Amino acid sequence: MKDSMMARVTGMALLMALFFVIAVQAKQTKTVERGMTREQVLEIYGKPLTTNFNDTIETWRYVKSRGGLLEPYVVLIAVGFNNQGKVICYNEKLRDDPPATPATAPSAADRPPFGKHAARSLSNEAFDILYGKVKKASFDSNKLDLIEVAALGGYFSCGQCARLISIFSFSDGKMKALALLAPHVTDPQNASDIYRVFTFGSDRDKAAEVMRNAGKRD
């Protein structure tokens, strides 16, 4: 009876996490159309990763995750505005394609990088929802299940990873959480935020190894 109840709780936790990830991704399925204003683009995609402009056109660039839960991929998006602040062109390219020719042609140094490290981490609002659900889960196994499902279609900053890992009381749980999160880190240069979560030097060394291995799989 107890095992049956545990299975139900785990199943409900996974279902909630799936709905959460789907909701976050559904918010990003809206697309930009010609004639939209800067404010409308901000509502859809948020703050651009990079911007540049000349006398006739202003270009905003984004890197977004697409493809749903099972086959996520990353796209590079460029949105061009005229002098009236209205969208006049839109360009979207897969990360594995040759670099897109955006509304204005930037140098190679201007183009944002491709791959998981160019992806945007969860918004503060979306992360707070996930954090709350993980924190409220009764058992470490349920917490890990929630993190695993959320990571199927999400990316995290090192600061966000550190907060999730801190939920776990013991080193074993912290390390298992890191193993799930490490392949989805967007800013590995800030890994020190994660290492601080671990009390013992030996655990910090293990955490560093997990991060290095995740980087090799990039």
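Guide: Helix 4 is mostly covered, for nine of its 12 residues are buried. The model before us is a predicted one.

Visitor: Which residues of helix 4 are the buried ones?

Guide: They are Asn-142, Lys-143, Leu-144, Asp-145, Leu-146, Ile-147, Val-149, Ala-150 and Ala-151.

Visitor: How do you know that the length of helix 4 agrees with its number of residues?

Guide: Helix 4 has 12 residues, 140–151, and at 1.5 Å a residue it should span 16 Å. The expected span is 1.5 Å times one less than the number of residues. The end C-alpha atoms are 16 Å apart, so the two values agree.

Visitor: What makes helix 4 roughly parallel to helix 6?

Guide: The axes of helix 4 and helix 6 (residues 171–181) come within 9 Å and cross at roughly 10 degrees. Angles under 35 degrees count as roughly parallel, and therefore helix 4 is described in that way relative to helix 6.

Visitor: Which residues meet where helix 4 and helix 6 are in contact?

Guide: From helix 4 come Leu-144, Ile-147, Glu-148 and Ala-151, which meet Gly-173, Lys-176, Ala-177, Leu-180 and Leu-181 of helix 6.

Visitor: Why is helix 3 called roughly parallel to helix 5?

Guide: The axes of helix 3 (residues 124–136) and helix 5 (residues 158–166) come within 10 Å and cross at roughly 15 degrees. This angle falls under the cut-off of 35 degrees, so helix 3 is roughly parallel to helix 5. On the helix 3 side, the contact is made by Phe-127, Asp-128, Leu-130, Tyr-131 and Val-134; on the helix 5 side, by Gln-160, Arg-163 and Leu-164. The crossing of these two helices is right-handed.

Visitor: How do you know that Cys-158 is too far from Cys-161 for a bond?

Guide: A disulfide requires two cysteine sulfur atoms within 2.5 Å. The closest cysteine sulfur to that of Cys-158 is in Cys-161, at 6.0 Å, and is therefore too far. The whole structure holds zero disulfides.

Visitor: Why is Cys-158 called buried, and why is Cys-89 called partly exposed?

Guide: Buried means under 20% relative accessible area, and partly exposed lies between that value and 50%. Cys-158 has 0%, so it counts as buried. Cys-89 has 28%, so it counts as partly exposed.

Visitor: What makes Leu-49 partly exposed?

Guide: Its relative accessible area is 41%, and the limits for this term are 20% and 50%. Leu-49 therefore counts as partly exposed. Leu-49 lies in the loop between helix 2 (38–45) and strand 1 (50–53). Its C-alpha atom is separated by 7.4 Å from that of Trp-60, 11 residues apart along the chain.

Note on methods. Residues numbered from 1 in each chain as written. Predicted model: local features only at pLDDT ≥ 70, side-chain atom pairs only at ≥ 80, totals over all residues. Heavy atoms only, no water. Helix = DSSP H or I, 4+ residues; strand = E, 2+ residues; numbered from the N terminus. Buried < 20%, exposed > 50% of the residue type's maximum accessible area, 1.4 Å probe, protein only. Axes fitted to C-alpha atoms, helices over the stretch in contact; angles between N-to-C directions. Parallel < 35°, antiparallel > 145°, perpendicular 65-115°, else oblique. Left-handed = near helix turned anticlockwise from the far one by under 90°. Contact = heavy atoms within 4.5 Å.
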